[in-house]
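Subject: Structure handover and findings

Hi,

Here is the structure for your review. My notes follow below it.

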Amino acid sequence: MTESGSKLRIFKFLKIIISSLLITVLLLFTIAAIRTLSLDVNAGLQLAHWEKTNNKSLVIDHHQREELLANFKEAIRIPTVSFSNTESNTTALHEFDRFLRKAFPTVFSSSLVHHELVANYSHLFWVKGSQPELVPYMLLAHIDVVPASESDGWEAPPFSAKEIDGFIYGRGTIDDKNNLMGILQALEYLLLKGYAPRRGFYIGLGHDEEINGLNGAMNIVRILKQRGVQLLFVMDEGLTISDGIIPGLEGPAALIGLSEKGQAAIKLSVSVAPGHSSMPPRETSIGILATAIKRLEDNPMPRLFGYGPEGDTFEHLAHKFSLPLKFIMSNLWLFSPLLSRILERKPVSNAFVRTTTAVTFFNAGVKINVIPSLAEAYVNLRIHSAQSVQEVLDIIKDTVGDQRVKVELVDGFDPLPISGADDKAFGFQIIKKTVLDLFPTVTVAPGICIGNTDSRHFVDLTKNIYRFSPAWFKPGDPERFHGINERISTKNYEEMIVFYFNLIQNCDIRKLPEPHSSVHEL
Ligand SMILES: CCCCCCCC/C=C\CCCCCCCC(=O)NCC(=O)O
Ligand SMILES: [Zn+2]
Ligand SMILES: [Zn+2]
C-alpha cells in the first residue's frame with residue numbers, strides 16, 4: 001500500500017470515530033432534552049380542583065400568640081430525656097403528661113376525642129370522624145429528647161427555652177416537641193372553633209423514640225392492631241424545608257421522606273492476655289482495635305447514590321437548578337457517579353449517598369500500668385435503601401480483615417419500604433398541598449429520611465408512611481439536630497401550628513382531585 005493510501009485510510013477511520021462521537025453526544029443531548037421536558041412534576045396537582053374542606057381559618061391574635069408560645073416554652077423546659085436504652089427521666093415524663101392536660105383542656109375534654117395512656121407515658125388520641133366509612137390517618141410525634149449539656153457550647157441553657165432574637169433555644173425545639181405541640185395546639189384551636197372532622201384520625205405521642213420506640217410506638221401499634229385498625233397514611237417527623245442547604249438549588253425545597261434508612265449497631269472487640277505495661281507486646285488490644293476503626297473510616301461504604309429514592313429527589317428538583325447542574329440532575333442515569341462525588345464532601349449530603357459509618361463508643365483500659373485485656377467499640381451504621389444489614393455486616397468484616405477483631409451484630413433493621421408519591425398517593429398529595437398553600441415558593445419533592453423515626457413500627461398498619469416536619473432549615477441548622485443550639489423561630493413554630501390546622505382539614509377531602517396530565521400542563 002502507498003503512503004498516501006494509508007493516510008487516506010487513517011483519515012477515513014478518524015472521520016468515522018469523530019462522527020460516531022458527535023452522533024453519541026447529539027443522542028445524549030436529545031434524550032436529556034426529552035427527559036428535561038417531562039421534569040416539571042411539581043406542577044400537576046396545584047392547578048387541579050380541590051374540594052373545599054378548610055372551612056376554618058386560623059388568624060393568631062396577640063393573646064393567642066402569647067399563650068401558644070408560653071405552652072411551647074413550658075414543653076421545652078420539661079427535660080424528658082432518654083439517656084440510654086434503659087434510662088429515661090420518668091419524673092419528667094409524668095410531668096409532661098400533667099402539662100399536656102393543662103395546656104390543651106379542650107383536646108382532653110372534647111366528646112370527639114378519646115384519649116388513653118400507653119405504657120405509662122405515651123399517648124394515643126382518637127379523633128372521631130363524622131363519616132366512619134372514611135379510612136383514618138395518623139399523626140405521630142415524640143415526647144422524649146436526647147441529652148444536652150450546656151457546657152458543650154450552648155448559647156442558652158438547653159432546657160431554658162430562652163428566646164434570643166426571635167428564636168426559642170432548647171432541646172426538643174426541632175426534635176420533636178415542635179411537631180408534638182404544633183399538632184395538639186392545632187387540634188385545640190380546631191375544636192374551639194367547633195370543627196368536627198369528617199375523616200377520623202389518630203395522634204400518637206411516643207415517649208421513647210430516641211431509644212427505638214420499643215415501649216411507646218410499639219405498644220401503640222399493638223393496641224391498634226388488636227382493634228383491627230388500618231391507616232390511610234401515617235405522618236411523622238423527618239425531613240424539613242431546606243433553604244440554602246442544597247448547593248445550587250434556587251429557592252427552598254420541602255422534602256417528604258418516603259422511606260428511612262436502615263440501621264445496624266455493630267460491636268468490634270479485641271481480647272488479649274493482660275500483662276505488665278513495662279513489657280508491652282508489639283500491638284495491644286487498643287492498637288489492634290484502633291487500626292480496625294481507622295480502616296473503617298478510611299474505607300467508607302460504597303457509593304449508592306441513585307439506587308434509592310434520593311435519585312427521585314434530585315430529578316424532582318432538577319428544574320430549580322441552573323445549568324450545568326440542571327442538566328446533571330436531569331440525567332442521573334449518566335451523572336450519578338459525578339454527583340455522588342460532589343455530595344459526599346459534606347456530612348449532611350454524604351448521608352444520601354451511602355450507608356454511613358459512625359464509631360460512637362470506644363472502651364478500653366483499666367489502669368495506666370496494665371496492658372488491657374479487652375478493647376471494644378460500637379459502630380452505628382445508617383443503611384442506604386439499596387443495602388441490607390447482612391450486606392453491611394459482610395463489608396465491615398472484609399474491611400476490618402483481621403481475625404483478632406471480633407465483629408458482632410448487636411441490633412439492626414433493613415431500610416424501610418418506599419411509600420407512594422404519585423398522583424394517587426393520598427398522604428403525599430395532602431402534605432404537598434398543605435405545604436404549597438402555606439409556603440407557595442417552596443418546591444415539594446420526595447426524599448429519604450436519613451434518621452429513624454417511630455413511624456417505622458407502623459409498617460403493618462399502612463403502606464403509606466411520610467416523614468416530614470414543616471420546619472425551616474437554613475445552613476447550619478441540620479447540625480443542631482442532636483447537637484448544640486437546637487432552636488426554632490417563633491414565626492416558624494406558629495407556621496407549624498397553621499400547617500397542622502390546615503392539614504387536618506385537608507384530610508377531610510373524600511377523594512383526591514383528578515390530576516391534569518403533564519401534556520395539558522405544558
Ligand atoms: C443533599 C440533600 C440535603 C438535604 C438536606 C437535609 C437536611 C437534613 C435535615 C434533617 C435531618 C433529618 C433527621 C430526621 C429525623 C431524625 C429523628 C431522630 O433523631 N431519630 C433517632 C435516630 O435516628 O437515631
Ligand atoms: Zn425525633
Ligand atoms: Zn432525635
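The UniProt annotation "binding site", from an unreviewed entry, covers His-142, Asp-175 and Asp-236. UniProt positions are given in the numbering used here, feature names are shortened, and annotations may be inferred rather than shown by experiment. The three residues span 95 residues in sequence, yet no two of their C-alpha atoms are more than 11.2 Å apart, so they gather at one spot. His-142 lies in strand β5, residues 137–142. Helices (H or I, at least four residues) and strands (E, at least two) are DSSP runs, numbered from the N terminus. His-142 is buried, at 0% relative accessible area. Buried means under 20%, exposed over 50%, and partly exposed in between (1.4 Å probe, protein chains only). Areas come from the Shrake-Rupley method.

Ground rules: this is a predicted model, where local features need pLDDT of at least 70, side-chain atom pairs count only at pLDDT 80 or more, and totals for chains, interfaces and linings use all residues. Residues are numbered from 1 along each chain as its sequence is written, chains are lettered from A and ligands numbered from 1 in the order in which they are written, and side-chain values use heavy atoms, with hydrogens and water left out.

Next, the salt bridges. The count comes to 22, taking a side-chain nitrogen of Lys or Arg within 4 Å of a carboxyl oxygen of Asp or Glu.

- Asp-97 and Arg-101 pair at 2.6 Å, N to O. They sit 4 residues apart in helix α3 (residues 90–103), so about one helical turn separates them. Asp-97 is buried at 11%; Arg-101 is partly exposed at 35%.
- Arg-171 bridges to Glu-486, with the closest N and O atoms 2.8 Å apart. Arg-171 is in the loop between β7 (167–169) and α5 (177–192), and Glu-486 in the loop between β18 (465–473) and β19 (487–489), so the pair ties together parts that are 315 residues apart in sequence. Arg-171 is buried at 2%. Glu-486 is buried at 0%.
- Lys-225 bridges to Asp-460, with the closest N and O atoms 2.8 Å apart. Lys-225 lies in helix α6 (residues 216–226) and Asp-460 in the loop between β17 (443–449) and β18, so parts 235 residues apart in sequence are tied together. Lys-225 is partly exposed at 41%, while Asp-460 is exposed at 51%.
- Arg-282, Glu-283, Asp-402 and Arg-404 are joined into one network by salt bridges that share partners.

On to the annotated domain. The unreviewed UniProt entry gives "domain: Peptidase M20 dimerisation" for residues 259–403. This stretch is 39% helix and 24% strand, with its end C-alpha atoms 36 Å apart. Ala-318 falls in the loop between α8 (310–317) and α9 (325–330). Ala-318 is buried at 0%. Its C-alpha is 9.2 Å from that of Asn-331, 13 residues away in sequence.

Last, surface charge. Glu-391, Asp-394, Asp-398 and Asp-414 form a negative patch. Patches take residues with over 30% relative accessible area and no salt bridge; like charges are joined within 9 Å, and nonpolar side chains (Val, Leu, Ile, Met, Phe, Trp, Tyr) within 5 Å. Asp-414 is in the loop between β16 (406–413) and α13 (426–438). At 41% relative accessibility, Asp-414 is partly exposed.

Best wishes

Definitions and conventions: Areas by Shrake-Rupley, 256 points an atom, 1.4 Å probe, with all protein chains shown as cover. Lys, Arg positive; Asp, Glu negative; His and termini not counted. Charge placed at Lys NZ, Arg CZ, Asp CG, Glu CD.
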